[in-house]
Amino acid sequence: MVNRNLMMETLERILKQEVASEFDNSTVIGGIEAFLSLNTKMLPGQILEPLKGYSVLNKQQRAHAVTEVIRALDPELKANFPNPKRREIFLSDSIESFKKNGKGWPVKKISEALGLDTVKDLILYFPERHEDFSNVRKISHLIEGETQSSEMTVKSLAMKGSHKRKRVEVVFSDPAGSMKAIFYGQPWIATDLKPGHKVMLSGKVEYEKGKPIYKNAVYEHITPGLTRLHTGRLVPVYGLSQGISMKPLRREIYTALISSLDQLNEYLPQTLLSRTGLYPIKKAVARYHYPRNIQDFSRARRRMAFDELFLVQLVMRKKKLDWKNQVSGISLNQNRDILDQFISTLPFKLTLAQSRCMDEIGEDLSSGIPMRRVLQGDVGSGKTLVALTGMIQAAADGYQSAMMVPTEVLSEQHFMTLRNFFSDSNSIPMMEGLPNVIETKLQGSDNKLTIALLNGSLGNREKTLTQEIIRSGQADIIVGTHALIQDSINIPNLALLVVDEQHRFGINQKNVFDHIEPRPHLLLMSATPIPRSLYFTMIGDLDLSVIDQMPVGRKPIQTYVYEQDKRDEVHRFIRKEIFKGRQAFVVCPLIEESESLQSRAAVEEYEKLSKDIFPEMKVGLLHGRMKLSEKESVMNDFRSGKLHILVATSVIEVGVDIPNASVMLIDGAERFGLSQLHQFRGRVGRGKHQSYCILMSDNPSGDSKERMDILHRINDGFRLADEDLRMRGAGDLIEGRRQSGTPFFRVADPSDTDLVSLAGIEATKVLNLDYELSSEQHQALKIQLGERLKELSIT
């Protein structure tokens with residue numbers, strides 16, 4: 001009799017849930033009829049009569065049937081259910097479609113915090129991880145300290161403790177024995193659970209006095225045929241935000257899957273799925289949320305990760321082919337005699353890697369097809385010189401080149417660096433009072449070269465004169481920031497655009513000259529080596545040149561990490577190096593809030609070092625708020641050896657080449673990223689002497705300690721790039737490829753080289769078979785590709 005009463009109570013709960021779900025027959029697995037067929041003997045047949053043939057009834061008929069049975073089960077209930085509206089839920093519907101009583105489902109917060117607006121967004125909002133509650137054990141087999149589950153019956157329960165520390169203690173039993181579970185801060189459990197209720201508990205088991213006990217475990221009522229979402233299985237754990245609860249979100253995502261997963265159309269060709277063994281899209285989405293086991297989850301995740309990598313590589317490969325086949329470019333003469341003459345005047349020999357990259361760029365420039373190439377090389381490998389040879393090639397043919405950098409400080413540094421490749425005696429200002437435009441001469445020839453700097457720091461007069469010189473075609477090389485791409489700037493004979501630190505520009509800024517016909521050549525420079533796996537997904541539409549050699553004779557820089565209490569010891573070491581004839585950099589801590597604060601901190605450090613620590617030394621100061629002429633004067637003094645120590649802000653991150661400098665002290669190293677620390681370190685180690693990088697830190701976080709430890713162990717920039725990818729993930733490294741806030745990869749890990757390779761192979765096969773994706777089997781893929789491009793705003 002007790003079992004029959006419990007079964008009738010269960011049936012009533014199922015039917016009430018059926019009312020809440022608008023009679024969609026999704027409350028139990030297989031539907032209402034499946035549940036009834038399993039439990040016919042436990043329920044009176046006359047009560048169930050209205051539910052016969054439930055699956056073929058329309059919603060109006062189902063409402064009447066459910067109302068009649070609920071009234072029979074509970075005659076005192078005054079049920080008056082509204083007539084349901086015929087309404088199918090579509091993927092494009094708002095998430096408000098699942099709003100029942102407004103409890104636990106804050107639509108506005110979910111939209112704003114999680115970016116979920118539609119039913120499709122819900123089913124594609126994948127869990128961050130899964131709680132493994134799949135290990136279901138009898139009470140007698142529970143293992144201390146492990147996360148597990150138990151199917152049990154409530155024997156008794158009681159509320160205990162004081163007002164502020166109330167707890168519910170429940171005694172559960174199964175055929176193997178009994179045990180206690182304690183729930184803290186959840187007084188509502190005392191009314192939700194009753195003796196005789198069957199539940200599944202999931203959580204970590206402790207042992208007290210030799211007996212197992214669950215504390216604050218998750219529980220769920222066991223209803224035959226009703227899918228458990230929170231216990232006894234691999235349970236999805238989703239990213240949340242304040243005001244959004246896990247259980248309601250999990251429940252509504254499951255409801256979305258049940259009601260609309262069938263509307264998700266497969267877009268990968270069946271031949272591709274057969275070749276790769278990937279899950280179909282519906283199965284992959286369902287099993288990503290609710291896998292049967294870890295292997296099932298791995299296969300589901302593999303399909304979704306493949307899709308992300310495949311779609312990106314498909315568009316990258318197509319863009320590359322479009323570029324080569326559809327757009328005309330400027331064909332420049334190789335001018336090898338002029339380049340060879342310039343190289344012969346340098347005080348050093350090019351590495352084989354520099355020569356190889358120079359040849360690759362030269363061939364592109366003379367091909368008549370617009371170049372799209374990345375020049376990649378470690379700090380100090382000589383990328384700027386290689387880029388300069390391309391700009392000289394353009395100038396020798398009567399064309400202009402532009403070098404675009406992300407900040408004014410970097411533009412000034414690059415201007416000085418380019419000028420320093422030529423003899424001072426051959427470099428003079430083009431006109432008096434205009435130091436930002438110089439004329440120089442290629443030694444051994446009559447060829448002149450005019451280099452101009454254009455940025456926002458120039459005065460109105462200098463800016464106007466410089467713009468006129470550029471407009472007239474007199475400037476062969478123009479160095480500047482994004483100001484170069486403003487409408488007011490006219491570079492009439494532009495043949496080559498060089499973009500340094502390319503990852504710090506939005507892709508739209510780099511494509512700004514695409515409308516010009518014939519289109520200028522594009523060379524992107526990066527001192528942040530790109531892991532091979534990221535190359536295909538990040539810049540697969542570009543050719544790649546790699547300077548993988550450092551100049552001959554360079555010794556690996558020794559890197560050390562010190563806490564603040566070792567400052568005196570570090571100062572003694574710097575003094576020792578200077579007495580040997582070397583020089584030192586001191587980089588001040590990063591102050592992100594304000595450049596003026598950063599400069600003020602540098603001034604204070606300069607005063608302290610020059611007066612108190614190294615009064616017998618010549619100490620110089622360099623910061624971002626100094627005028628260009630002041631910066632040039634300081635750098636010339638440091639380069640000539642007149643200064644022993646240079647105190648600087650992050651303005652010396654790139655473009656500073658002092659072979660005699662052997663010490664780089666980075667104060668507040670915990671505030672800088674791995675790539676920036678490596679850039680600073682690259683300012684030393686450029687001569688024949690042993691060089692040192694000292695990282696001073698103050699209360700570093702765990703991540704900061706790891707970054708500094710990596711820098712201590714690794715000198716090679718390519719290995720550091722892999723470590724940076726591991727620490728930061730792909731998202732931070734590829735932000736420049738898109739303009740929207742949509743994550744570039746929701747699931748994929750570009751360091752998964754096998755899957756990246758497979759996606760690339762399949763993308764090539766599809767394009768070789770159907771370049772325009774015009775065949776019938778590729779129509780769904782073409783639509784999906786368009787949607788993804790729109791989401792990411794890849795241009």
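The model is predicted, so local features need pLDDT of at least 70 and side-chain atom pairs count only at pLDDT 80 or more, while totals for chains, interfaces and linings use all residues. Residues are numbered from 1 along each chain as its sequence is written, and side-chain values use heavy atoms, with hydrogens and water left out. Helices here are DSSP runs (H or I, at least four residues), numbered from the N terminus.

- At the start of α11, a side-chain oxygen of Asn293 comes to within 3.2 Å of the backbone nitrogen of Gln295.
- α11 packs on α26 (residues 753-769) at about 50°, with the axes 8 Å apart; axes are lines fitted to C-alpha atoms over the stretch in contact, and angles run from 0 to 180 degrees between N-to-C directions.
- Contacts (heavy atoms within 4.5 Å) on the α11 side include Phe306, Leu309 and Phe310, and on the α26 side they include Leu755, Ala759 and Ala763.
- By class, this contact has 12 nonpolar, three polar and four charged residues.

**Helices α12 and α14**

- The axes of α12 (residues 336-344) and α14 (residues 383-396) come within 10 Å and cross at roughly 140°.
- The two are therefore oblique to each other.
- From α12, Ile338, Leu339 and Phe342 meet Leu385, Leu388, Thr389, Ile392, Gln393 and Ala396 in α14.
- The class count here is seven nonpolar, two polar and no charged residues.

**Helices α15 and α21**

- α15 (residues 408-420) and α21 (residues 628-640) pack at about 50°, with their axes 11 Å apart.
- That makes α15 oblique to α21.
- Val409, Glu412, Phe415, Met416, Arg419 and Asn420 of α15 meet Leu628, Lys631, Glu632 and Arg639 of α21.
- Sorted by class, that contact has four nonpolar, one polar and five charged residues.

Key
Angles under 35 degrees count as roughly parallel, over 145 as roughly antiparallel, 65 to 115 as roughly perpendicular and the rest as oblique. Ala, Val, Leu, Ile, Met, Phe, Trp, Tyr, Cys and Pro count as nonpolar, Asp, Glu, Lys and Arg as charged, and the others, Gly among them, as polar. A polar contact is a pair of N or O atoms within 3.5 Å; within protein, one must be able to donate a hydrogen and the other to accept it, and residues adjacent in sequence count only if both atoms are side-chain atoms.
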